[in-house]
Amino acid sequence: MEPATLNERITFLNRDLSEVKTVYANVKAITAREQIRNGAEQITDSYTVKIRYLKDISPSLLLRWRDYIYEIVLLNADRKHNEIYLTIQYSNKNQDNFKTT
């Protein structure tokens with residue numbers, strides 16, 4: 001993984017919105033065409049996130065990026081290449097409880 005491609009800061013949160021870890025990541029939007037091709041019934045605000053491997057990351061966590069909170073819907077760890085691929089979706093239900101500082 002090229003370090004220069006990790007150009008966004010993301011923060012992993014517990015369900016109570018307490019911070020777990022902040023790391024650098026590569027974030028790319030999943031297009032509507034890709035979502036339809038993958039069988040999505042509804043188009044959502046979804047992204048693919050690539051980070052360096054961390055052992056404590058799980059789908060039970062939330063992710064904050066650019067002052068919005070996202071649900072982790074898929075986590076694929078590649079220990080051989082020291083990477084984790086996440087698919088995240090915008091989670092409107094968590095926005096009311098979150099205030100930026």
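Visitor: Does arginine 64 count as buried or exposed, and at what relative accessibility?

Guide: Arginine 64 counts as buried, at 17% relative accessibility. Buried stands for under 20% relative accessible area, exposed for over 50%, and partly exposed for what lies in between, with a 1.4 Å probe and protein chains only. The model is a predicted one, in which local features need pLDDT of at least 70 and side-chain atom pairs count only at pLDDT 80 or more, while totals for chains, interfaces and linings use all residues. Residues are numbered from 1 along each chain as its sequence is written, and side-chain values use heavy atoms, leaving out hydrogens and water.

The side chain of arginine 64 meets that of glutamate 19 in a salt bridge, at 2.8 Å from N to O. The pair links distant parts of the chain, 45 residues apart: glutamate 19 is in strand β2 and arginine 64 in strand β4. A salt bridge here is a side-chain nitrogen of Lys or Arg within 4 Å of a carboxyl oxygen of Asp or Glu. Strands (E, at least two residues) and helices (H or I, at least four) are DSSP runs numbered from the N terminus.

The structure holds three salt bridges. In another of them, glutamate 8 meets arginine 66 at 2.7 Å, N to O. Glutamate 8 is in strand β1 and arginine 66 in the loop between β4 (62-65) and β5 (68-78), 58 residues apart. Here the glutamate, glutamate 8, is buried at 17%, and arginine 66 is exposed at 53%.

Arginine 15 and glutamate 71 also form a salt bridge, their closest N and O atoms being 3.2 Å apart. Arginine 15 is in the loop between β1 and β2, and glutamate 71 is in β5, 56 residues apart. Arginine 15 counts as partly exposed at 46%, whereas glutamate 71 is buried at 14%.

The strands β1 (residues 8-13) and β2 (residues 19-29) pair in the antiparallel sense over six bridges; two strands pair if DSSP finds at least two bridges between them. Glutamate 8 has alanine 25 of β2 as its bridge partner. Five residues lie between the strands of this hairpin, where leucine 17 takes a positive phi near 70°. On to strand β3 (residues 46-52): four bridges join it to β2, again antiparallel, with valine 27 opposite valine 49 in β3.
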